[in-house]
Amino acid sequence: MILISIFVLSMIGAVLVVSSFSQLKVIAQNGSDEEKGEKNVKVVTGGHGSGYGSIDTSGDVIDSMNETVSTTDIDPMKYLREFNYGRVSTDENGTTVREYTVIAQDKSLEVSPGVFFDMWTFNGTVPGPTIRATEGDTVRINFLNNGSHTHTMHFHGKHSSEMDGVFDVIAPGGKFVYEFTAEPYGVFPYHCHVQPLEEHIQRGLYGVFIVDPKDTERPPADEMVMVMNGYDTDFDTENNFYSVNGISNYYMHEPIEIEKDRLVRVYLVNMLEFDQINNFHLHANMFNLTRSGTSLTPHELTDVVTMSQGERGILEFSYKDPGPYLFHAHKTEFAEKGWVGTLLVKDSKTQPDAAALNKGEKSPHPAEINNNTTSYATEKIKSNSSNLEGGSNHLAGQSI
Ligand SMILES: [Cu+2]
């Protein structure tokens with residue numbers, strides 16, 4: 001009787017085990033291939049995981065290589081060549097005074113298609129406005145904190161302790177005037193310096209400050225600003241999305257048009273939080289690198305520059321052959337999670353065949369750029385001269 005009971009119990013147990021495995025299998029199937037086949041769930045770029053490249057996670061994150069954002073609060077194309085020279089006046093000593101208004105405010109921004117992140121911003125966008133002055137100018141920043149947390153503006157460069165944006169934190173509703181002489185010439189980051197610093201930075205409170213040399217102008221060039229950043233959208237101190245100028249993969253859909261044989265000058269700043277390094281790689285070319293922009297003579301000819309957070313430089317190059325060229329982080333993980341873009345070199349005599357590019361002809365990366373139906377077909381004349389006068393407002397209702 002005892003043996004029979006053990007046998008029966010064993011059989012019941014075996015059935016239960018089989019049932020459990022069967023159940024597990026069904027659950028697994030429902031959660032993976034079958035469901036994806038039925039619902040056409042996409043492989044994600046930028047999903048969180050420990051590996052490299054496109055991570056296949058829950059399937060509810062849109063691949064930013066295939067889709068584009070639906071909002072314009074972050075406009076990487078406008079940001080690229082937008083230099084704010086401030087409202088200009090001259091003081092009693094004959095010194096040029098450049099006055100800017102910067103407003104800290106909370107804002108939900110679309111950092112990758114369909115991914116909205118509650119950010120803390122300077123003037124409603126990320127990165128914040130590019131502030132530009134000439135060596136020796138007086139820079140005056142009227143800072144208003146309309147956000148829900150205390151903030152400051154900490155500029156890199158030379159200035160007094162009380163203008164350093166560290167010890168005087170500005171409470172919500174508060175104001176502060178930062179005033180200092182722009183020196184030395186170079187390219188600098190500015191950012192909030194309130195603790196916990198990593199959160200105030202990763203939430204988006206940073207931008208670029210350019211000081212032009214006073215006595216010697218740099219050669220004429222197509223100038224642009226690139227800020228490398230990332231977003232930890234699940235707050236585990238690991239970035240889920242990477243970008244240059246605010247939106248993952250933006251310049252894959254909207255290539256940066258440049259002219260053949262024309263000098264391009266990129267003011268590059270790394271503000272990436274959490275990761276130890278970031279870098280920039282230019283395809284099919286080399287660039288002259290001036291670290292921190294504090295020299296008129298380049299330090300290096302290279303095609304990769306690696307930077308830790310806060311590091312920056314000026315990159316100068318030109319292309320001799322028309323066509324699309326990639327630029328991206330040479331930290332492959334970052335590139336595949338959104339830090340990649342395209343430079344489209346145009347020749348005034350033989351414009352790149354937009355229709356052909358969209359069909360995948362002439363393209364070295366057809367799978368990556370053909371998802372976009374408008375990028376190459378739309379002729380967008382960009383100018384970096386329209387924003388050179390001070391005082392104009394380019395930031396959706398915000399003063400600068
Ligand atoms: Cu802050």
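Strand β15 (residues 287-291) pairs with β16 in the antiparallel sense, over three bridges. Two strands count as paired if DSSP finds at least two bridges between them. Strands are DSSP runs (E, at least two residues), numbered from the N terminus. Within this pairing, L289 has E300 of β16 as its bridge partner. The model is a predicted one, in which local features need pLDDT of at least 70 and side-chain atom pairs count only at pLDDT 80 or more, while totals for chains, interfaces and linings use all residues. Residue numbers start from 1 along each chain as its sequence is written.

Both strands belong to an open sheet of six strands, ordered β11-β10-β13-β18-β15-β16. The pairing in this sheet is mixed. Its edge strands are β11 (241-244) and β16 (300-302), each of which pairs on one side only. Neighbouring strands here are turned by 25° against each other on average, direction ignored. Axes are lines fitted to C-alpha atoms, and angles run from 0 to 180 degrees between N-to-C directions.

A further open sheet has five strands, in the order β12-β20-β19-β14-β17. Its pairing is also mixed. Strands β12 (256-259) and β17 (304-307) form the edges, and each pairs on one side only. The twist averages 25° from one strand to the next. Inside this sheet, β14 (residues 278-282) pairs with β19 (residues 323-328). The sense is antiparallel, over two bridges. L282 has F327 in β19 as its bridge partner. In general, strands of a sheet pair through backbone hydrogen bonds, either parallel or antiparallel.

Notes. Helix = DSSP H or I, 4+ residues; strand = E, 2+ residues; numbered from the N terminus.
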